[in-house]
Amino acid sequence: MSQASQPAATIKAYVEANKDRFLSELMDLLRIPSVSADSKFKPEVQRAAEFIKQQLEAAGAENVALCPTQGHPIVFGEKIVDPALPTVLVYGHYDVQPADPYELWKSPPFEPEIRDGRIYARGACDDKGQAYMHVKALELMMRADMLPCNVKFMIEGEEEVGSEHLGDFLRDNRERLAADVILISDTGILSNEHPSITTGLRGMSYVLVDVVGPNRDLHSGMYGGAVANPINVLCDMIASLVDDDGRITIPGFYDDVAEVSDEERKAMNAAPFSEEAFKKELDVADVKGEKGYTTLERKSIRPTLDVNGIWGGYTGEGAKTVLPSEAHAKISMRLVPNQSSQKITELFTRHFESIAPKSVKVKVTPHHGGEPAVTPTDSVAYQAASKAFEEAWGKTPIPLREGGSIPIVALFEKELGLKSVLLGFGLDSDAIHSPNENFHVFNYLKGIETIALFYQHFAAMNPER
C-alpha cells in the first residue's frame, strides 16, 4: 500500500468535508427523468443539460455552453490553466435508459433513495453518478488551488440512443476539443476489493426486425394451422441464429474477429472471479455461452447476439384467441476488435431476409452501431490512472476488458486522434439498464478522490504533447 501524499490528504479531506452536499447535488440530478429514447421526456433531457451547465460553472469551469445538435445538446466547458500544459478532455453523458418496467422498482426510479449504502435511481451509475464525479473533482481542485493541467468537458445527452449527432460535433469542433487524452467514467471495476481499469470494449450492432403475415389479426380457431403465425415464425428465425455450441450462424460473422492470445486469455482468467457467486447473484442454476470459452471470456472478448425485446399479438389481461398479423423484435450484437458494425449489420440483414419463409414478409431496420476499442496500457495516461488507484485504494488496479459498448471511444480516436482512459467505478451489482439501478456511495465518493489524483499524476508525469 502506497503512503498517502500531501495532495492525496488534501483531496481526501475535501471529499469528506463535502460528501453530504456532493450526495445531495447528485440526488437533484437523478430526479430529472432525462430519458433520451422517449420523445415525451425531451424537456427533461434539456433540464438535465442545464443542470450540468450550472454545476460546471459553479465548480469553476469557463466558457460553459449548451451546444445545440440536431438532437439533444452537448454541454461544453473548460478551464485552461496554461496552454503549454497538457489537456484532459472529460466525456460523459447525462441521458439515461428508460426505467420500464416501473413496477419492478423497489422505489420510484426518479425519486432517488439511499439504502444500505447504495444510491437507487435510474442513472445513478450509468452515467449521471459517474459523470458528476468529474464535476466535483474539478470543484475540489479549483477550491484547493491544485488543478495541475488544463481540463475540458463534453457531456452529451444521446449516448443511450447511439450518440447519433456526436460525430458531427467532433468534426465541427476539432480545435475546440483539442486535448492530449480523453478521460471517461462510464465503466466499472471488478470489485471494491480488486479495483480494475477497463482496457477494451465491445462494439455494437442494434437492429429492429419486423415479421408481417396476414393483412389483419385472425381468429386462431378459424385460421390457425392454415396461415403462418408471425410470432411463431419470428421465434423460429431467432432460434436459428445461434447453434447449440453458442456460435452465431450468420455467414461471415466471425471472419474479422480478432482472436486473443493464449497468454492474454490466461492473464484474463487469473482475475479474481467466482462462477458460483456469479450464478448466485443472478439466481441462475447454470451459465451459458459459446463453447470453449470461460464466463469471463464470453462476456468480454467474444461477440454475441441477443434479443433485447420481442412483442406481438395480444398481451393484455385474460385470453384473446388471436393469430397476430405482425411480430417484432429488437436484437443487439456485441462486437469485438476488427469487427465492423456496418458490415455486421449488413450480414445480419442479408441472412435474416434469406431465412424468412415465403409465408411472411420481413423488414430489418438498423438502429445504431458502434465500433469496438482497445486502449493501451503502456501510455502515460493509463499509468497515471493506475497510480491514482494505487494511492486512493491502496491496490494496483487490474487491466480488464469489459463486455459493454461505448462506441464513442473508437469515434474519438477516428475524429480527434485521441486515446481514452476508461476510469470507471461501477460494479456488476449496480443493475445498470435494469430496475433498481444503484451506485455505491463509497464508489461515488472514492471516484471523486481517484479522479482528482489522476490529474496530479498525469501532470507530474509530463506527457509529451
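Author: L422 in strand 17 is the bridge partner of I184. The model is predicted: local features need pLDDT of at least 70, side-chain atom pairs count only at pLDDT 80 or more, and totals for chains, interfaces and linings use all residues. Residues are numbered from 1 along each chain as its sequence is written, and side-chain values use heavy atoms, with hydrogens and water left out.

Strand 7 (residues 181–184) and strand 17 (residues 420–422) run parallel, with three bridges between them. Strands here are DSSP runs of E with at least two residues, helices are runs of H or I with at least four, and both are numbered from the N terminus. Two strands pair if DSSP finds at least two bridges between them. Strand 7 also pairs with strand 3, again in the parallel sense, over four bridges. There, I184 stands opposite Y91.

Now the side chains of strand 7. V181 and L183 point one way, while I182 and I184 point the other way. In a regular strand the side chains alternate between the two faces of the sheet. All four of these residues are buried (under 20% relative accessible area; exposed is over 50%, partly exposed in between, with a 1.4 Å probe and protein chains only).

Strand 4 and strand 5 (residues 118–120) are antiparallel, joined by three bridges. I114 faces I119 of strand 5 across this pair.

Axes are lines fitted to C-alpha atoms, for helices over the stretch in contact, and angles run from 0 to 180 degrees between N-to-C directions. Oblique is what remains after roughly parallel (under 35 degrees), roughly antiparallel (over 145) and roughly perpendicular (65 to 115). The crossing is right-handed (the near helix is turned clockwise from the far one by less than a right angle; anticlockwise is left-handed). Helix 1 contributes residues including I11, V15, F22 and L26 to the contact, and helix 13 contributes residues including Y444, I448, A452 and Q456. Contact means heavy atoms within 4.5 Å. By class, the residues are 13 nonpolar, one polar and four charged. Nonpolar covers Ala, Val, Leu, Ile, Met, Phe, Trp, Tyr, Cys and Pro; charged covers Asp, Glu, Lys and Arg; the others, Gly among them, are polar.

Helix 13 packs on helix 11 (residues 380–393) as well, at about 130° with axes 8 Å apart. The pair is therefore oblique. The crossing of helix 11 and helix 13 is right-handed. Among the contact residues are A384, A388 and W393 of helix 11, with F442, T450 and F458 of helix 13. This contact of helix 11 with helix 13 has 12 nonpolar, three polar and four charged residues.

A four-stranded open sheet comes next: order 11-13-9-14, antiparallel pairing. Its edges are strand 11 (304–312) and strand 14 (361–370). The average twist from one strand to the next is 15°. Nine bridges link strand 9 (residues 203–212) to strand 14 in the antiparallel sense. L208 stands opposite T365 of strand 14. Helix 6 (residues 230–239) lies across strand 9, strand 11, strand 13 and strand 14, at about 15° to strand 13.

Last, the backbone. Most residues other than glycine have a negative phi, and most peptide bonds are trans. D100 and P101 are joined by a cis peptide bond, omega about -5°. P101 sits in the loop between strand 3 (87–93) and strand 4. D127 is in the loop between strand 5 and helix 3 (128–143). N63, in strand 1 (residues 62–67), has a positive phi near 55°. N63 is exposed at 52% relative accessibility. N338 has a positive phi of about 90°, in the loop between strand 13 (326–335) and helix 10 (341–354). N338 is exposed as well, at 58%.
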